[in-house]
Amino acid sequence: VQLTESGGGLVQAGGSLRLSCTASGQIFNTVLMGWYRQAPGNKRESVALLASGGQINYADAVKGRFTVSRDNTKNAVYLDMANLKPEDTGVYYCNAIIDGGVGPLEHWGQGTLVTVSS
């Protein structure tokens, strides 16, 4: 299974961006898809996670500004980010727990850089 991300870039504070992530390969069941981020000098942290049953978990720092969604027909997950702040700057990683035939395994994308200027 491979995760491919797109949509990062440079945006001014208050602006919006949409990140996309598509899973490819042998996929029998997707347990969870979502997003993490890592700011310079910081640990990787959870941003928004969407379970197959519809449960969503957002980091407190992004509640009300970010929206995670899935398109199961495309094996895709999206992160719509609004009212971006400089502290949202970092590398955003797609994360998924997918059963490709040998049981649920965790997968990571390569990361996409989001830079928010003040």
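What percentage of the 118 residues of the protein chain count as buried, and which residues form the aromatic cluster?

Reply: This is a predicted model, in which local features need pLDDT of at least 70 and side-chain atom pairs count only at pLDDT 80 or more, while totals for chains, interfaces and linings use all residues. Residues are numbered from 1 along each chain as its sequence is written, and side-chain values use heavy atoms, with hydrogens and water left out.

To take the first question, 42% of the 118 residues of the protein chain count as buried, where buried means under 20% relative accessible area, exposed means over 50%, and partly exposed covers what lies in between, for a 1.4 Å probe and protein chains only. The chain has 11 strands and 0 helices; both kinds of element are DSSP runs numbered from the N terminus, with helices (H or I) needing at least four residues and strands (E) at least two. For 118 residues, a compact globule would have a radius of gyration near 13 Å, and the 14 Å of this chain agrees with that; the value is taken over C-alpha atoms, and the globule rule is 2.2 Å times the number of residues to the power 0.38. Along the principal axes, the C-alpha atoms fill a box of roughly 45 × 25 × 25 Å. Among the contacts (heavy atoms within 4.5 Å) with a separation of 6 or more, 54% come from residues 24 or more positions apart.

Now to the part you asked about: Tyr36, Tyr93 and Trp108 form one aromatic cluster, and the structure holds 2 aromatic pairs. Rings of Phe, Tyr and Trp (its six-membered ring) pair if their centres lie within 6.5 Å, and planes under 30 degrees apart count as stacked, over 60 as edge-to-face and the rest as tilted. Tyr36 and Trp108 make an edge-to-face pair, with 4.9 Å from centre to centre and 65° between the planes. Because Tyr36 lies in strand S4 (residues 29-38) and Trp108 in strand S10 (residues 104-108), this pair ties together parts that are 72 residues apart in sequence. Tyr36 counts as buried, at 17% relative accessibility, whereas Trp108, with a relative accessible area of 34%, is partly exposed.

Trp108 also pairs with Tyr93, and since their ring centres are 6.5 Å apart and their planes stand at 85°, this pair is edge-to-face. Tyr93 itself is buried, its relative accessible area being 14%.

Arg44 lies over the face of Tyr93, at 3.7 Å from the ring centre, and over the face of Trp108, at 4.6 Å from the ring centre; a charge sits over a ring if NZ of Lys or CZ of Arg is within 6 Å of the ring centre and within 35 degrees of the ring normal.

Leaving aside residues up to four places away in sequence, Asp88 touches Arg37, Arg65, Phe66, Asn83, Val114 and Val116.

Strand S8 is itself part of an open sheet of 4 strands, in the order S1-S3-S8-S7 and with antiparallel pairing; two strands pair if DSSP finds at least two bridges between them. Strands S1 (2-6) and S7 (66-71) stand at the edges with a single partner strand each, so one side of each is left without a neighbour in the sheet. Strand S8 (residues 76-81) has 5 of its 6 residues buried, so it is largely enclosed by the rest of the structure. Between S3 and S8 there are 6 bridges, in the antiparallel sense, and Leu19 has Leu79 in S8 as its bridge partner. S7 and S8 are likewise antiparallel, over 6 bridges, and they form a hairpin with 4 residues between them, where Asn75 in the turn has a positive phi of about 50°.
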